[in-house]
Amino acid sequence: MSERIRLLVDGKPSELDADPAMPLLYALRADLGLANPKFGCGLAQCGACTVHVDGRPTRSCVTPVGTVRGKKITTLAGLGTPDKPHPLQTAYIDEQVPQCGYCLSGWMMTAAALLRDTPKPSDRQIRQALGGLKCRCGTHMAILRAVKRAAGTKA
Amino acid sequence: MTHAHLSRRAFLGTGALVIGFMMAGTLGRALGQAAETLGGKPPLTPDELDSWIAVLPDGRVTAFFGKMDMGQGVDVAIGQIVADELDVAFDRVAVMMGDTAFTCNQGGASGSTGVQRGGVTLRAAAAEARRILLERAAQKLSVPMTDLIVQDGIVAVASDRRRRVSYGELVDGQYFHHKLEWNKQYGNTLSAKGRANPKKASEYKIVGTSIPQKIVADKIYGRLQYVTDVRVDGMLHARVIRPPTAGCGPVAVDESSIGAISGARVIRERDLVAVVAEREWDAVRAATALKVTWTSPCTPFPPMETLHDHIRRAAAIGGAVPVSKGDVDAALKTAHRVIEAEYEWPLQSHASMGPACAVADVRADGATLWTGSQKPHYGRNGVAKLVGLPPESVRAIWVPGPGSYGRNDAGDAALDAALLSKLTGKPVRVQYMRHEGTGWDPKGPAAVYRARAGLDAQGTVVAYDFFGKGFSRQDVATTESDPKDTLAGQLTGFAPKPTVIFQVPAEAYDFANKRCGWECIAPLLDRASPLRTGHLRDPLGPETHFASESFIDEVAHAAGVDPVAFRLRYVSDPRHVAVIRAAAEKAGWNTRAYPNPRRGKGNVMVGRGVSYTERNGTIVAVVADVEVDRRSGRVWAKRFTVAHDCGLIINPKGLELTIEGNVVQALSRTLYEEVVFDRDRVLSVDWTSYPILEVQDAPERIDVVLINRPDVASSGAGEPSTRTVPAAIANAIFDATGVRLRRVPITPERVRAALARA
């Protein structure tokens, strides 16, 4: 059942032997040793495992690894770095958004796609785009502030 | 300050384990090197100054904190306190916490006491270290101590600042070897101090400033390692198999059912069944594929719709009347009018962002535990007892977990991992699946409250009678220090033994006759139960004060008095009065008829509600502004205004964000959260069956008024505002609709039904 699978993650090519039906999340975490996409539910209900697949926010916990061969996968760590941060990362640090921080991949990768497609979203558009994501610590107010700050629309 | 996560190798320079913990900056490594070069450290006991403060040769300082931060930045506050007492720059202080090899047991994260209790000893230790250093400097510089000044760890003669010596030179690479006075207690009540008097609040320069959390950047760049990321050489991945119905045990396990999954195997110890595999995905698949025959279901639970009647009817297993003033019964008899109401709160889940994870390496002569539990010292004790090792030979290392708001599933995962490691002879990583995280965590207790108040002809309260009855907040203890309080223990022969503990409202209403009491009922099941209750953020706080502060509102309404004015009429403590006034003022509260005569004629009705509570010295008032949609029943808590007095404020921005989190989590618990179950199992097993707040329903704004009391010792902030929120919402709904919702969660269905009845 195991197959050789090539992945392109955060700009780096890698290969692994895996069952193509295995969720991408397990390939990223267990095989590639990446820490930042998280296992939250395994059911695509929370967003903690979110990565971009060819730019689209995707729940890696329900995405078979065999379906993303040759596609461009970006994780939160690939969104930006301290030297070259994504505006959302700067805004999240300025707003001191996270508490436990386990949910961040969902909120940040989804918001990054939103800001790419809609650079100046309204409050309503932000809330709609981020719908379905979970944050148990209740940092929603800071999340909204950070997205608006990154978009340059913060009141 | 640096958030110090130290690997065993980095700190001790020995051992084969290499854990890739993130070490922010270089201080972690510097600490490790320092620990190696210093040598001769005295034993890790609270009566040694070296157990709390280390000054490195280069003048940097490590504070060893025996409580925990769960994301709100308590460690930053501790760093501020230590830096101020020692007169060193904040960036020179690293706070280390959560490792039993380097910190004394101050109780872990518990009861919002990180600063309130934990900070007291750290402050005293830092002050004592400074006193010793100044004593040495005085000797070295041949001047009296009173002639010395300290600036960023440099001690100088005030009249001739060229005569100076640094802390680093004064410690000269040595430990202090200095005794403190210790009260011989561990946990929250641990107290240790030296001869030095800590500074006055007016002398603080760093305390009171909004220093950000550096660890936030590690989270944002996806480079912080969580407990779920710990990897140990030779480690097996495990998944546990919980009984499909509560109270069942395994009769037979068909190991051939996972034969096709190479490398996966079954581990069983009495009623605990698990699968292990070298690859995580194999363990996950095996857990799904494994066929287990279970004993036939018992039906331990009442029909869910009768839960609160069960609580009313069930025999009490304990109770108390902590507040009893005057003659309530007589006053009620002669009262002009008696107001009565009952309130109900459901079972709730921690539903942490991710299910718990732990890694354990149990060997014949000792064990290491990596845990996300907020009380790693107790985890060490629990593991030691479960696997039969002395606690000193077990080291627990906290690594940030997927959220922690009390005794969640992290405590169970720790002991599961330890037992499985012992049974397999290998390091084992246990991670729960979502259905275990939500379905099998200890639950926040359900309760019923009955309140009565007597008014005289003038509308004055002459009697107040408040009585709560429900499950104990500790079917399982607040720590995992005893296997009887964990699933691993309960499934392998340690019988659960609940503690009977409940709560009465905390406020300062001065009624002439006042009585507040409680009773607890037995757990629904006498063995490992998915409905066992335990500490969930502000244990019983939201439950009790939803009832008490809703009721105060009902009494105010009956008396025909504005709800803010009514509260102020019975509260005289100036701090309490100031908090209530501050919230009302900031919210723009004006006296008007109640419920809202201008609620709106369309489908959306608007209203406001107030609530006020106290918790271990912290006083909070909340005003909620809500919109209620007449057709859908949806409640939107549009705005919250919070006034908060926790004494001396250490870090205003951190405090504000902490309060925001409390408010939003409490909002979620009030409007959405209820554990659903049938006669033999919990049906709330994921985010669909246990919904929490969605961002669409987050408020438009939360305004926080921080009341700083530099002359009052800091009290807690991690929980107190949680309990104030539910009644503020319910009272605002009443203002908007004229209808009283007395049962949580206040779902759209319940709102619609209540409006239809009205």
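Colleague: How far apart do the C-alpha centres of domain 1 and domain 3 of chain B lie?

Modeller: Those C-alpha centres lie 43 Å apart. Chain B is divided into domain 1 (8-207), domain 2 (233-297 + 355-440) and domain 3 (304-350 + 442-521), with bounds that come from an automatic or database domain assignment. The model is predicted: local features need pLDDT of at least 70, side-chain atom pairs count only at pLDDT 80 or more, and totals for chains, interfaces and linings use all residues. Residues are numbered from 1 along each chain as its sequence is written, chains are lettered from A and ligands numbered from 1 in the order in which they are written, and side-chain values use heavy atoms, with hydrogens and water left out.

Colleague: How is a sheet to be read, and what is the strand order of the one that contains β15 and β16 of chain B?

Modeller: Strands of a sheet pair through backbone hydrogen bonds, either parallel or antiparallel. Strands (E, at least two residues) and helices (H or I, at least four) are DSSP runs, numbered from the N terminus; two strands pair if DSSP finds at least two bridges between them. Here 5 strands of chain B make an open sheet with mixed pairing, in the order β15-β23-β22-β21-β16. At its edges are β15 (316-325) and β16 (337-345) of chain B, each of which pairs on one side only. From one strand to the next the twist averages 10 degrees. Between β16(B) and strand β21 (residues 447-455) of chain B there are 9 bridges in the antiparallel sense, and B:A341 has B:A451 in β21(B) as its bridge partner.

Colleague: Which helix packs on this sheet?

Modeller: Helix α14 (residues 541-559) of chain B does so, touching β16, β21 and β22 (461-471) of chain B. Contact means heavy atoms within 4.5 Å. The direction of the helix makes about 150 degrees with that of β16(B); axes are lines fitted to C-alpha atoms, for helices over the stretch in contact, and angles run from 0 to 180 degrees between N-to-C directions. Not counting residues up to four places away in sequence, B:F551 touches residues including B:A341, B:A451 and B:Y464.

Colleague: Which residues touch the most other members of the largest nonpolar core?

Modeller: They are B:F551 and B:F640, in a core of 88 residues. A nonpolar core is a set of buried Ala, Val, Leu, Ile, Met, Phe, Trp, Tyr and Cys residues joined through side-chain atoms within 4.5 Å. Buried means under 20% relative accessible area, exposed over 50%, and partly exposed in between (1.4 Å probe, protein chains only). Strand β25 (residues 618-629) of chain B gives the most to this core, with 8 residues.

Colleague: Why is strand β3 of chain B described as largely enclosed?

Modeller: In a regular strand the side chains alternate between the two faces of the sheet. Strand β3 (residues 61-65) of chain B is largely enclosed by the rest of the structure because 5 of its 5 residues are buried. B:V61, B:A63 and B:F65 lie on one side, with B:T62 and B:F64 on the other. β3(B) runs antiparallel to strand β2 (residues 53-55) of chain B, with 3 bridges, and parallel to strand β4 (residues 93-97) of chain B, with 5 bridges.

Colleague: How much area do chain B and chain A bury between them?

Modeller: The size of an interface is often given as the accessible area lost when the parts come together. The two chains bury about 4800 Å², 58% of it on carbon and sulfur atoms; buried area is the accessible area (1.4 Å probe) that two parts lose on being put together, summed over both.
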